[in-house]
Amino acid sequence: MEDEHAAHNYGPLPVVLAEGKNARVTDVAGKTYIDALAGYSALNFGHGNEELIAAAKEQLDKMTLTSRAFHSDRLGPFTRDLAALTGKDMVLPMNTGAEAVETALKIARKWGADVKGVENGKQHIIVMDGNFHGRTTTIISFSTDEEARAGFGPYAPGFSVVEYGNAQAVREAITPDTVAVLLEPIQGEGGVVIPPEGYLAEVREITRENNVLMICDEIQSGLGRTGTTLASQYEGVEADMYTLGKALGGGIVPVSAVVANEDVMGVITKGTHGSTFGGNPLACAVGHQVVKMLATGEHQKAAAERGKQLAEGLEALVGKGLVAVRTRGLWAGLDIDPELMTGREACEKLMENGVLAKDTHGSTIRLAPPLTATAEDIDAIVEAVRKALGADA
């Protein structure tokens, strides 16, 4: 491998990739694979998407960075159309997903102090067990993943962790100082964990009753992945704030954003938050093209159609090496019989059969191919899973 001087914060599969086009990637030896991870959903539109590459190239010839000390001609159209796509008034652009979550936490705390009247320093936020919102020091303070958390104290106060999928637990955790509930509509890192039907709607009602903000982290689940623009729309739920990222940059540049209405976002005023690169012209050009592509609805439709195909193929393998399968759109969590193999071993076998995927806890793996994957790609993924499990045809 050629990355011996890189920090060992990942344990990648033994493959060195050199090229990619749509759902296919090629290693330095010339072997081609289906990318069934899609950069943790950052590549929702595939590798080398021509529309996104063209938008980036055009902007590269004009201007890449101004800083927010000045206006740029790309910021306004991007924020206007992203706000329209998500049904909100205002957009605060940042760079990475973790930055977007940190920004949302700051907004919630400021709203709590300025609008709800909570004494500054007492703002309380409810989060879910099994959560993954990034790995900053604040975020790992409320992580329940000891690998991400251990040794990184002291931990930031102000958070309570409750059971994911249990709306009553949210209700019981609310105090007069609670300013927000932060959750993932589907927990991606946890293994595509889908909460019980009605959970999101019930949490929405609880937060409204108690004058508490509902923040949906749609960084992995959003922007078409689940067959809807936002995963929370599956239950018709509108949160007060959304965090977006990954696919918003089209796999080209890091782009993230927090979107909310003015009654919430209005607490952010001059000097209260900022970013040198957040909202830069190149990021806005790429992000705006992503928004335009999603506005047609074709990618959401493709995710739903290809997702149905993927679900049917995988569900046929339950009892043949798979213990359970969870799917929503073109996103799947596979629980493998732990007596058969670990998730890492399954990913190694998938790689041998021409598919790249990522394991998570224990014997669970995740599949998230680009929304532009073909029916043939999906069939090949299912066949590779079957072979990896040693299941009969």
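Helix H3 lies across strand S4, strand S9 (241-244) and strand S10 (256-260), and runs at about 120 degrees to S4. Helices (H or I, at least four residues) and strands (E, at least two) are DSSP runs, numbered from the N terminus. Angles run from 0 to 180 degrees between N-to-C directions, with axes fitted as lines to C-alpha atoms, for helices over the stretch in contact; contact means heavy atoms within 4.5 Å. Helix H4 (residues 97-116) also packs on the sheet, and its direction makes about 155 degrees with that of S7.

The model before you is predicted: local features need pLDDT of at least 70, side-chain atom pairs count only at pLDDT 80 or more, and totals for chains, interfaces and linings use all residues. Residues are numbered from 1 along each chain as its sequence is written, and side-chain values use heavy atoms, with hydrogens and water left out.

I turn to the sheet. It is open, with seven strands in the order S4-S10-S9-S8-S7-S5-S6 and mixed pairing; two strands pair if DSSP finds at least two bridges between them. Strand S4 (90-94) and strand S6 (159-162) are at the edges with a single partner strand each, so one side of each has no neighbour in the sheet. From one strand to the next, the twist averages 20 degrees.

Which helix packs with H3 (residues 75-86) at an angle of about 30 degrees? The partner is helix H10 (residues 281-295), with the two axes 9 Å apart. Among the residues making this contact are Phe78 and Leu82 of H3, and His288 and Val291 of H10.
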